[in-house]
Amino acid sequence: MDYFHRMQTRMMQLKDKDGLIILSLETSCDETSAAILKNGREILSNIISSQIDLHKVYGGVVPEIASRKHVEMINHVIEDALHKANVSLQAVDAIAVTYGPGLVGALLIGVSLAKALAFALDIPLIGVHHIEGHISANYIAHPTLQPPFISLIVSGGHTQIIHVKDYGVYQLIGQSRDDAAGEAYDKIARTLGLGYPGGPVIDQMAQKGDPFRYNFPRVNLKDCPYDFSFSGLKTAVVNFLHNLQQKGEEFCVEDICASFQQAVVDVLVNKTIRSIKHTGASQLVLAGGVASNTALRKEMALACEENDVLLYFPPPILCTDNGAMIGCAGYYRLKQGRISTLRLNAVPYEPLVQIP
Ligand code: KG4
Ligand code: ZN
């Protein structure tokens, strides 16, 4: 029997196993991470090696440097994850790995290693979509959370509203037509000379600024009430800054940060609440790096309270890219029999598969 057929039989045995151990890998961008999860929602270890300091000098992620660093770190990170969880490689029941979307060279490191390990250990391989991972971080943070719910995914690469109808059943409600929210944060921070990544530092500075000092655009796309556009806002802030600099006028960085952030948060809250009313959902789940944002959390909490909606978001460590969220998504894929063949490949762009 070949590997895949053997794994289909194995999967049937594993599906209901109590104490199921998953080793998961995440290398889609600038974090090398490995985690050990028990029964899908319990973290035994979640090791994250961040490359931020390497990319900082360039003002953003350099793909070649990212790939090289993943190669250097991945084995150490896996060893640390096993050691911290007190689990041997032989005790691992299945391997989950991010296959996309992301930087293809970076993804390949995790995918190649996961395939090699799955084959050598003769255990199932589970390819996981990165966005599905971000959403699943909430299952770990909130043990009783169950679909259906609306999820707002806000990261450096994505801004999407997804209706999660069941585990693994997704319907795209809206998404950004251009830049992701995190991308706008990073660009504005670069223009202001605040370094990379931009989100955390703008979040901090905005807390000391006046969010209503400058009125930056909130884009509403005609006929697409749930889609976003952040490139206009980004350009408006950049042009505004250049204008002030050319005229030699003084400006308050904190007020710029706060006003820019208010424009982002207004649009995110507005469209998300509208999509909740449209779908009749009663739960909202925030996911992705920007879900750490203080103002977004605060304003979304107020809007949810007004609309009788339960709000969930993960702690910051599970908002950022990490292996644990991939392991959790992998667990539910395994339960549904959605394991991968050894042909699994890294995919730079891919929508989250929609199962009607
Ligand atoms: O999800 P993530 O770690 O990686 C991607 O999959 O993209 O998100 C990274 C993004 C970056 O753009 C970063 O600036 C942003 O999340 N970010 C934040 C905050 N923390 C991270 N944006 C706003 N406020 C924050 N506190
Ligand atoms: Zn991410």
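The structure is a predicted model, in which local features need pLDDT of at least 70 and side-chain atom pairs count only at pLDDT 80 or more, while totals for chains, interfaces and linings use all residues. Residues are numbered from 1 along each chain as its sequence is written, chains are lettered from A and ligands numbered from 1 in the order in which they are written, and side-chain values use heavy atoms, with hydrogens and water left out.

Most peptide bonds are trans, and most residues other than glycine have a negative phi. Helices (DSSP runs of H or I, at least four residues) and strands (DSSP runs of E, at least two) are numbered from the N terminus.

| Peptide bond | Omega |
|---|---|
| glycine 100 to proline 101, cis | near -10° |
| proline 147 to proline 148, cis | near 10° |

Proline 101 sits in the loop that runs between strand 4 (94-100) and helix 4 (104-121), whereas proline 148 belongs to the loop between helix 5 (130-141) and strand 6 (149-154).

Turning to phi, aspartate 223 is not a glycine, and yet its phi is positive, at about 70°. This aspartate 223 is found in the loop between helix 7 (198-206) and helix 8 (231-246), and it is exposed (over 50% relative accessible area, with a 1.4 Å probe and protein chains only), having a relative accessible area of 75%.

Aspartate 308, also a residue other than glycine, has a positive phi near 60°. The loop between helix 10 (294-306) and strand 10 (310-312) holds aspartate 308, which counts as exposed at 71% relative accessibility.

How values were computed. Buried means under 20% relative accessible area, exposed over 50%, partly exposed in between (1.4 Å probe, protein chains only).
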